[in-house]
Amino acid sequence: MTAHVPVLLPEMLTALAPRDGGCYLDGTFGGGGYAEAILNAATCRLWAIDRDPDAIARGALLAARYPGRLHLLHGSFGELLRLLADAGVRQLDGVVFDLGVSSFQLDNPERGFSFRADGPLDMRMDRTGPTAADLVNALDERSLADTLFELGEERMARRIARAIVAARAEAPISTTARLAAIIRGVVPPDRSGIDPATRSFQALRIRVNDELGQIERALRQAAGLLGPGGRMVVVAFHSLEDRLVKRFMHEAAGRVPAPSRHDPGGLCARAAPSFRLLSAKAVRPGSAEAAANPRARSARLRALERLPGFPTRERVGSPSVPLQPAPEAQTR
């Protein structure tokens, strides 16, 4: 089914622990690697979301192999609450997110995600809305620099933005090869061997697809749908994603700093956490996997489990579901 290699696959299955009769969500279907492994691990039902219509079309073959068990939903995982509600799903036993861009998207030059082959400067996961070319040619220099710095952690963001503005004055920038050449012309290669265009391409892709906003919404909505003992497993590939996931999970598990003794709010009792972390630190690929699959090297897996006694609080159609149940629900 899949042409790509799923990252941290055994570790994901261990953390998710799918069981017979359960109801699960793969919020980032992609090539279907995680979905297929979950369906093989237990006789369960799996709902799979992807905003890329190509991924949904590919998934039809896998769904045919698991009739009545795999259900594909086209849309953004940041809207999973609505998508699942429309499908009649009110509670989950587990959810997995494999964040970022898929191998299928990266390896197709026509999608414009990668600078390794020339193609249109697109980067849209769902093929709707403004493209990366639209941003590169329309943003003013300061906004462009801020995007590269904040979403790509690019230290030379101002230099790159200046070069882009100068180049587009001669002719619009419409291809991945031209944008990469502009960046390489002002950013020298470093000792890490990472291409100078990597961080800028990451920043544009994240902004085009509102990836960080999608992640924040998806984490909160998915947590609200997990039943007692339900688990959330997230694999992130860069520090911006991982920081969001780490902060969310630590707050859900009550791993937050104690308030200052000078803060009046510190006098109020804090609600007991409704989740627990399944591992104190992120799980990283072993040396063998990292050597065999270079894309796995930066992967980090984090997992969370809803504690017994904290049922979900349904608020179908709400843009977010609070992590903590209502006070009355805590006493049931």
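Leucine 139 is buried, at a relative accessible area of 12%; buried means under 20%, exposed over 50%, and partly exposed in between, with a 1.4 Å probe and protein chains only. This is a predicted model, where local features need pLDDT of at least 70, side-chain atom pairs count only at pLDDT 80 or more, and totals for chains, interfaces and linings use all residues. Residues are numbered from 1 along each chain as its sequence is written, and side-chain values use heavy atoms, with hydrogens and water left out.

Leucine 139 sits in the loop between helix 6 (132-138) and helix 7 (141-152). Helices are DSSP runs of H or I with at least four residues, strands are runs of E with at least two, and both are numbered from the N terminus. Beyond four places in sequence, leucine 139 contacts Leu144, Thr147, Arg168 and Arg207, contact being heavy atoms within 4.5 Å. Its C-alpha atom is 8.9 Å from that of valine 165, 26 residues apart along the chain.

Next, glutamate 241, in helix 12 (residues 239-252). Residues touching glutamate 241, outside four places in sequence, include Leu99, Arg205 and Glu211.

Last, the strands. Strand 2 (residues 45-50) and strand 3 (residues 70-74) run parallel, joined by five bridges; pairing takes at least two DSSP bridges. Alanine 48 is opposite leucine 72 in strand 3.
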